[in-house]
Amino acid sequence: MNRQEYSDLQAECNTLRGMLAKIPEDRVLSRASLEIRLEELEEQLADASVLECEPAKAVLTFSGRPVRGSEGVLAAFASKALSSFSEAITAVGASLHATLAATGPVPNRDQYQMMITGTARGSFGFQLQDATAQLEFDEDSTVAKALEATRSLLDGSIGVDDEQLAEAAADMDQRALDKIRSFVSVLNDYEAVCSLKHADKSFHFRDSSQVKRSLERLSTDYLSESEQVLPVVFGGALPHRGSCEFQVEGDKEWLTAKIGPGVEAPDSINDHRGQVVKAKMLVTQAGRGRPRYKLLELPTWQI
């Protein structure tokens, strides 16, 4: 069992305990299924053999006009590309824990840094590693999540599926998206392409035309994000999965929203199901694809 699976089980246990605490002891039937599920999860946790957390690692390589095979790369390009990529990972990582202001210092930026640990052969590039201290088991590797989120967004940016692109962008705020656009813009300016490998997944631009396509699909004209206050009715929340269900008032369709990092005590949504409230959402849309939603803060509940 890996760390994420173990953490998910712990989160589900905590949710079940919270639900049971609200059900009177004499309501035996209402409690039975929850108690059985909680017992099953606690047995899994007790028997689990947990893997230690390894620092996040990635390989970023370049080719194209500023690169001379595996011999070297233009210093001006390499410094800009690495700085831009590092800024993107920092912004994406920070956006997973807080809503970023449009300008100003990135909160806790030291927690989302990478360091160069070596060069990569083939096309010229660099081996990168999470620069933060060794994590304890119950901590998340935010840099690993930021690398995967960035890889996923770049992959969606060169395709034709607007749903894939919107889904990849939905958990990032505008500042994080801007930093990724800046990285792709550096590649485009220097007529370079890159390859990114992280964990067991990889991404690469095939040629400069794909870099241009990526820039077009990542542009604010194509990939839009806006904060909107919507009249909604919540159907419930699953905090351990980071999502909730809602309907826009007057609409019968049930939609799913991610729960943003600024939402405290999201399980309170379950106590106010059926109320019409004003909810602040980040709405992300690619092209003509379906919008994606992220709840930015809890609404003011009716008393």
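Select Ser84 to start; this residue is found in helix H3. Ser84 counts as buried, at 11% relative accessibility. Show its contacts beyond four places in sequence: Lys179, Ser182, Phe183 and Val186. Bear in mind throughout that this is a predicted model.

**Stay on H3**

Move along to Thr90, also placed in helix H3. Is Thr90 buried or exposed? Thr90 counts as buried, at 0% relative accessibility. Leaving aside neighbours within four places in sequence, select what Thr90 contacts: Val106, Arg109, Tyr112 and Gln113.

**Zoom out**

Now show the whole chain as a cartoon. The protein has seven helices and twelve strands. Its C-alpha trace spans about 75 × 50 × 35 Å along the principal axes. There are 303 residues, and buried ones make up 44% of them. Take the contacts with a separation of 6 or more: 68% of these join residues 24 or more positions apart.

**Helix H6**

Select residues 174-189. This is helix H6, with 16 residues. From first C-alpha to last, H6 reaches 22 Å, close to the 22 Å expected at 1.5 Å a residue. Color its buried residues: Arg175, Ala176, Leu177, Ile180, Arg181, Phe183, Val184, Val186 and Leu187. Two of these names, Phe183 and Val186, came up as contacts of Ser84. Step just past the end of H6 to Glu191, which takes a positive phi of about 55 degrees.

**Helix H5**

Next, select residues 162-169, helix H5. Its buried residues are Asp162, Leu165, Ala166, Ala168 and Ala169. Why do they sit on the same side of H5? They cover an arc of only 160 degrees around the axis, so they share that side.

What covers the buried residues of H5? The cover includes three helices: H4 (142-157), H6 and H7 (208-218). It also includes strands E8 (223-238), E11 (276-286) and E12 (292-297). Then look at the start of H5, where a side-chain oxygen of Asp161 comes within 2.9 Å of the backbone nitrogen of Glu163.

**The nonpolar cores**

In soluble globular proteins, nonpolar side chains tend to be buried together. Here the largest nonpolar core has 53 residues. Select Leu60, Phe62, Leu153, Leu187 and Phe205, which touch the most other members. Now color the elements that each supply at least two residues of this core: strands E1 (57-64), E5 (125-130) and E6 (192-198), and helices H3 (75-95), H4, H5, H6 and H7. Which element gives the largest share? H3 does, with ten residues.

Center on Leu187. Beyond its neighbours within four places in sequence, Leu187 is in contact with Phe62, Phe77, Ala192, Val193, Cys194, Phe205 and Val211.

**Cysteines**

Stay on Cys244. This residue is buried, with a relative accessible area of 1%. Select Cys13 as well; Cys13 counts as buried at 1% relative accessibility. A disulfide is a covalent bond between the sulfur atoms of two cysteines. How many disulfides does the model hold, taking sulfur pairs within 2.5 Å? The count comes to zero.

**Strand E1 at Val59**

Go to Val59, placed in strand E1. Val59 counts as partly exposed, at 28% relative accessibility. Draw a distance from Val59 to Thr117: they are 58 residues apart in sequence, and 10.0 Å apart from C-alpha to C-alpha.

**Last stop: Lys201**

Finish at Lys201, found in strand E7 (residues 201-204). Is Lys201 buried or partly exposed? Lys201 is partly exposed, with a relative accessible area of 40%. Not counting residues up to four places away in sequence, Lys201 touches Glu148, Arg151 and Leu196. Draw one more distance, from Lys201 to Lys258: the two are 57 residues apart in sequence and 24 Å apart in space, C-alpha to C-alpha.

Notes: Residues numbered from 1 in each chain as written. Predicted model: local features only at pLDDT ≥ 70, side-chain atom pairs only at ≥ 80, totals over all residues. Heavy atoms only, no water. Helix = DSSP H or I, 4+ residues; strand = E, 2+ residues; numbered from the N terminus. Expected span 1.5 Å × (residues − 1). Buried < 20%, exposed > 50% of the residue type's maximum accessible area, 1.4 Å probe, protein only. Arc of directions from axis to C-beta. Contact = heavy atoms within 4.5 Å. Polar contact = N/O pair within 3.5 Å; in protein donor to acceptor, adjacent residues only side chain to side chain. Disulfide = S-S within 2.5 Å. Core = buried A, V, L, I, M, F, W, Y, C linked by side-chain atoms within 4.5 Å.
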